[in-house]
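Reader: I am new to reading protein models. Could we go through this one together, step by step?

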Amino acid sequence: MAQQRKALWEADLDEELHDVDLNIAIGNYGQNGLYDDAQPRIDESTLLAVQHQVAQQAALAQIPDAVKRFIVHFHQAVLDNNLSEITVAYESGWNRLTEKFYAKTEWPEAEIIAPLVNDDQIFLILYRELYYRHVYSRIQPDIDDRFHSYENSCELFNYLLNSDGPVPLELPEQWLWDIIDEFIYQFQSFCVWRSKVKPKTDEELMLLADAGQAWSSYSVLNVLYSLIQKSKINEHLTALQEGKSADEIVEIVGEYGTKPLYRMLGYFSLIGLLRVHSLLGDFTLALKVMESVELNQKSPFTRVTACHVTTYYYVGFCYIMLRRYPDAIRTFVSILNFILRMRQYHTRSYQYDQINKTADRMYALFAVCNALSPSRVDDNISNTMKEKYGEQFTKMSRGEEGIPAFEELFLYACPKFISANPPPYEDAELLQAHIEESPVEPAQRHLSLFLSDVRAQAPVPTLRSFLKLYTSLDAKKLSNFLDADEEEMVQQLMVMKQASRSISRVENEKGLLGGQMISTSDLDFVIDENMVHIAESTVGRRYAGWFIRNTEHAQRVYDTVHNSPLPIPPKSASQVKADAAAAPPSAAPVSQRTGQRVAWGGNVKAA
């Protein structure tokens, strides 16, 4: 009823005002009059800016005070180039606050914390580097995060490479390595994500079509080679190997090469190139760029444990793909021994989990190499490998039936290979053809190449087991053992002969690609007409390692016993009765009154 009355009232009002000119009745009161100058209209952009500022202040107010103090302190340390304070803030403060406040959420965006650091653009670039690294490690990045992280990386490297002279910035070596490492990881992650066309939304397809050089192989390689060229790190390393003086080195490397920031970025870029070329499948070039880097415990990369482990992992994997299994075994044994010795110190590193994962992958690759090229190695490494992958190792030693085990360990332990060319997002027809007939995944392509060599060597374990039983053997008899004709038997012998030869590095040889042909097997043979003559060389047991391990074990037992409290000797029945008769009823035992420990077999005398 009320609605009906309201409708009638509105109808009556419309009839009364039907013939009235409202503009004449109301006039221009408040419109284009005196009030225009007194109350000007707010510009839309100004209103948006004010709203953005209010929202920014509200977001800033929600940041915990501990985080605000940390950011202010961190910024001041960067301004002062205080390496010790930067290191503590980077390795400890950032990770501690992440666990406390941002374990599953993003850190505040750089624009929000900008007022805390006086809008310092250089610090904000460094802050974004940490921000996006956190997004990639703890949260699934979206397409905006992927493009914005690339833009921030470009800003950082443009600042370092295109400034007038070396920049006045000092950062700890750990952070410099992480900058290069994360740059390559984000490139790898983007390429893997970009190659999967089907799950993409229309918006993502459009953005990828317009991506241009964003995260292209060319742009990433350009950054790494530019850092190497700017720092003249290859010339620096060559001069050090030639024993040149400090003054001569300064003259060779110039003003950029003398700065620790540029020198270490250039050095880590060499390791980065090793990784990128390995991901792209060019294993020869990957080892070639490391020509000036020496693999020993005195090299600069050993000062950053994550860099140390990464270097040996990729070098060892390159040797596997180049069929240089002895060099790969030697590389893996060296780094795995280092990890075992330094395990107690790795627990202090925020990258402890990542180092352990890489070590597990290297044990898998070591098992693969040892199955293809059996050799005596360190017992600790061999025993640990058998604990982790003993079942697969046994299968791989059985020839053809071990192929699935090779495939399993290879796919688990290999890097996440990438394709240098993205899908044709800019052309709808080509993209549809790409979806209908997808190319072979890079990992599967490298796996097929690796397994082709494994299958060629499949008869070797069986043939080796027969030859170890004889010093000479008739060819016909051997062919009967193998259930093959003589021609096929000779082919298998040639495969075994080829498998027992490999190029291996010579000690103190410069570069990782050089080497000479050596025999990798303790079993050799020659074919003389219809007879196969076998010669087996025996390697004496290495007693030094056995004595060292047992000496260390004995020392640990002695230290444990020495640091343990002395036991209280049991008292005889007569001593118990004598003590009970002599002591007052309320007296406490001597050991409780004096607080003195009782020695073995001794008696404590009361004062």
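Reader: Which residue is the bridge partner of Phe-525 in β5?

Author: Happy to start there, with a note that this is a predicted model, where local features need pLDDT of at least 70, side-chain atom pairs count only at pLDDT 80 or more, and totals for chains, interfaces and linings use all residues. Residues are numbered from 1 along each chain as its sequence is written, and side-chain values use heavy atoms, with hydrogens and water left out. Strands β4 (residues 523–528) and β5 (residues 531–536) pair in the antiparallel sense over 6 bridges, where pairing requires at least two DSSP bridges between two strands. In β5, the residue bridged to Phe-525 is Ile-534.

Reader: Which residue in the turn of the β4 and β5 hairpin has a positive phi?

Author: The hairpin leaves 2 residues between β4 and β5.

Reader: How many helices and strands does the protein have?

Author: Both are counted as DSSP runs numbered from the N terminus: helices are H or I with at least four residues, strands are E with at least two. On that basis the protein has 30 helices and 5 strands.

Reader: What share of the 607 residues in the protein is buried?

Author: Here buried means under 20% relative accessible area, exposed means over 50%, and partly exposed lies in between (1.4 Å probe, protein chains only). Among the 607 residues, the buried share is 40%.

Reader: How many aromatic pairs are there by the rule?

Author: Rings of Phe, Tyr and Trp (its six-membered ring) pair if their centres lie within 6.5 Å; planes under 30 degrees apart are stacked, over 60 edge-to-face, and the rest tilted. Applying this rule gives a count of 28.

Reader: What kind of pair do Phe-157 and Phe-183 make?

Author: A pair of rings is described by the distance of the centres and the angle of the planes. Phe-157 lies in helix α9 (residues 143–162) and Phe-183 in helix α10 (residues 173–194), so their pair ties together parts that are 26 residues apart in sequence. Both Phe-157 and Phe-183 are buried. Their centres are 5.0 Å apart and their planes stand at 65°, so the pair is edge-to-face.

Reader: How many residues apart in sequence are the parts that Phe-283 and Phe-417 tie together?

Author: This pair is edge-to-face because the centres are 6.4 Å apart and the planes are at 85°. Phe-283 is buried at 7% relative accessibility, and Phe-417 is buried at 6%. Since Phe-283 lies in helix α16 (residues 283–288) and Phe-417 in the loop between α22 (403–413) and α23 (428–436), the parts tied together are apart by 134 residues.

Reader: Which ring has the charged end of Lys-200 sitting over it?

Author: A charge sits over a ring if NZ of Lys or CZ of Arg is within 6 Å of the ring centre and within 35 degrees of the ring normal. Lys-230 gives one example, lying over the face of Tyr-256 at 4.6 Å from the ring centre. For Lys-200, at 4.4 Å from the centre, the ring is that of Trp-193.

Reader: Which residues have the most contacts inside the largest nonpolar core?

Author: A nonpolar core is a set of buried Ala, Val, Leu, Ile, Met, Phe, Trp, Tyr and Cys residues joined through side-chain atoms within 4.5 Å. The largest such core has 139 residues. A second, separate core has 15 residues, including Leu-467 and Met-489. In the largest core, the residues with the most contacts are Phe-74 and Phe-450.

Reader: Is Ser-292 buried or exposed?

Author: Ser-292 is found in the loop between α16 and α17 (305–321). Leaving out residues up to four places away in sequence, Ser-292 touches Asn-234, Leu-237, Thr-238 and Gln-241, where contact means heavy atoms within 4.5 Å. At 9% relative accessibility, Ser-292 counts as buried.

Reader: How many disulfides does the rule count?

Author: A disulfide is a pair of cysteine sulfur atoms within 2.5 Å. Cys-154 is partly exposed at 27% relative accessibility, while Cys-307 is buried at 0%. The disulfide count comes to 0.
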